[in-house]
Amino acid sequence: MRIAVVGTGYVGLVSGTCLAETGVTVTCVDVDVSKIQKLNQGGIPIYEPGLAELVAKNRANERLFFTTSLKEALEDADAVFIAVGTPPDEDGSADLRYVLGVAQEIGELIDDYIVVVTKSTVPVGTNWKVKATIQAELERRGVQVEFDVASNPEFLKEGDAVNDFMKPDRVVVGVETERAGKVMERLYHAFILNNIPILFMDIPSAEMTKYAANSMLATRISFMNDIANLCEIVGANVESVKRGIGSDSRIGKKFLNAGCGYGGSCFPKDVKALIKTGEDYGYEMGVLKAVEEVNEKQKSVLFQKIQKHYKGNLKGRHFGLWGLSFKPATDDMREAPSLVLIEQLLEAGATVTAFDPVAMDECRRKIGDRIRYASQMYEALKDADAMVVVTEWQEFKVPKFTYIEKSLKEKVIFDGRNIYSPEQMREFGYIYYGIGR
C-alpha cells in the first residue's frame, strides 16, 4: 500500500514514519525545501524521542521517502494525508488556509480514485470544505475523478509520540462510504492484527472527538489548578486531594497534577477552537471558557509567589530557571508558562538565567538574548536569589541539593510542578513554595 503525507511537521512526520514502520510505503511532502533536504540527508527538523532512529530505519528499507513534489507523491497512492498546520486566528478559530490549499492542489493533480484523509486538527465541517474544494478543482479541469474524504485525527503526546502512534488506545476514523472504509482498514491492518480498536464513525463525529478529547484533558488540568489554589487558602494539600479523588475508578489518576498552567500546540489551540465553534453555532461553551480563563491566570501563579516573597520588589534580583518547554521530552515552547514568567520577571526589573535540556535554541528563537542561557542545570543557579522550576524534566526531579545550595545566594525554591517534597525541603533548610500545598 502506498500513501502520501502532506506536511512534515510534528503530526505529519511522526504519522508518516510510524505508518512506514507498519509496512506501508510512505512519501512525505513539504514545500519547505530546506526541511526536505535535511530529512533526505538524515537530519530531523523536530525533537521527538525515538523518531530519528525510526526515520533512518525506514529510509534504509525504502519505505519512507521525502519530496517537495506532491505530484510525485500522489503517483499510485491509495490515500493522501493532509497534515499541515492549523494555527489559531485572532478570534480563536482554526486557520484552514493551508488545509484547503493542499486540497486545492490535490484537486489539480489527481487522476484516479484516492482517499483524502484529514490528519490535521480541524473544526467540525472542515472535511466537507476539503471535499468541495477538490470537487471545484476537478470541475474547473473538466474531468471526473472519484475520491472520498476521511477524518483520522491524531492523539499524540509530544515526548511520547512514537509510542502513542504505535500503541494507541484507539484509532478514530470518520468515513462516509464503504469504499473509503475498506482503504482505511487496509492502512491500519497491522493495528487490527494487534487488537487495537479501530473506531469507525461518521466524519463530523470524528472531527469532534479530537477537540472533545483535548478539551476534556485541559478541563481536568484547570480543575485541579483551581482546587490547588483553594487548597492553599484553606490549608489543604492538593497532593493528598489528588490521591483521594484519583483512587475513584470513575475519575482515575491521569491529568490531575496541579502546576503553573498548561501550554503546547494542542490544548490551548483546541480549547479556543471549540469555544469558537460553539459561538459560530450560537452556543456558549461555558465550561471551556472557564477552563481557558483559569489556565491563563495559572501561568502567573509563580510570579505572584515570587512577588509576595520579595514584598513586590524584584528590581536587581536574579533567578535561575529550570525548564523552558511547555512539558518534558519536547523542545516545543508554544504557549509555554515559562514565556509568561520570563516576561513578568524582566518587566519587574529582574534578570534570568535558564537551563532546559533541549529547548534553549527554541527559546533564543522566540525571545533572543533577553535572558542568559546556561550550558548545564547547576550553572543556571549560580549567584541566583532563588531557583524556579517550570518544567518537570526527569533530571530535575532528583538533583544534588548540595550543588544547588552552593550555587544559590539564598536557599529559596519556587516549584511550579510540585516535584519536591515540602517536608524534605524544610529538612534541608530551604524556603519552599509549591502549588496548592
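This is a dialogue on reading the fold of one predicted chain.

Reader: What kind of model is this, and how are its residues numbered?

Author: The model is predicted: local features need pLDDT of at least 70, side-chain atom pairs count only at pLDDT 80 or more, and totals for chains, interfaces and linings use all residues. Residues are numbered from 1 along each chain as its sequence is written, and side-chain values use heavy atoms, with hydrogens and water left out.

Reader: How many helices and strands does the chain have?

Author: Helices (H or I, at least four residues) and strands (E, at least two) are DSSP runs, numbered from the N terminus. The chain has 19 helices and 14 strands.

Reader: What does the radius of gyration say about the chain?

Author: The radius is taken over C-alpha atoms, and the globule rule is 2.2 Å times the number of residues to the power 0.38. For 437 residues a compact globule would have a radius near 22 Å; the chain has 24 Å, which agrees. Along the principal axes, its C-alpha atoms fill a box of roughly 75 × 50 × 40 Å.

Reader: What share of the residues is buried?

Author: Buried means under 20% relative accessible area, exposed over 50%, and partly exposed in between (1.4 Å probe, protein chains only). Buried residues make up 54% of the 437.

Reader: In what order do the strands of the eight-stranded sheet stand?

Author: Two strands pair if DSSP finds at least two bridges between them. Here the order is β3-β2-β1-β4-β5-β6-β7-β8, in an open sheet with mixed pairing. β3 (64-67) and β8 (198-201) have a single partner strand each, so one side of each is left without a neighbour in the sheet. Angles run from 0 to 180 degrees between N-to-C directions, with axes as lines fitted to C-alpha atoms, for helices over the stretch in contact. Direction ignored, neighbouring strands of this sheet are turned by 25 degrees against each other on average. Within the sheet, β1 (residues 2-6) and β4 (residues 79-82) run parallel and are joined by four bridges; Ile-3 has Ala-79 in β4 as its bridge partner.

Reader: Which strands does helix α1 lie across?

Author: Helix α1 (residues 10-21) lies across β1, β2 (25-29), β3 and β4, at about 165 degrees to β2. Of its 12 residues, 11 are buried, among them Tyr-10, Leu-13 and Cys-18. After α1 comes Gly-23, with a positive phi near 110 degrees.

Reader: What is the strand order in the sheet of six strands?

Author: That open sheet runs β11-β10-β9-β12-β13-β14, with parallel pairing. Its edge strands, β11 (372-373) and β14 (431-433), each pair on one side only. α15 packs on this sheet, touching β9, β10 and β12, and its direction makes about 175 degrees with that of β9. Five bridges join β9 to β10, and Leu-321 is partnered with Ala-354 in β10. Four of the five residues of β10 are buried, so this strand is largely enclosed by the rest of the structure.

Reader: Which elements do the buried residues of α15 pack against?

Author: Contact means heavy atoms within 4.5 Å. The buried residues of α15 (residues 337-347), including Leu-339, Ile-342 and Leu-345, pack against α14 (301-309), β9 (318-322), β10 (351-355), α16 (360-367) and β12 (386-389). Just after α15, Gly-349 has a positive phi of about 95 degrees.
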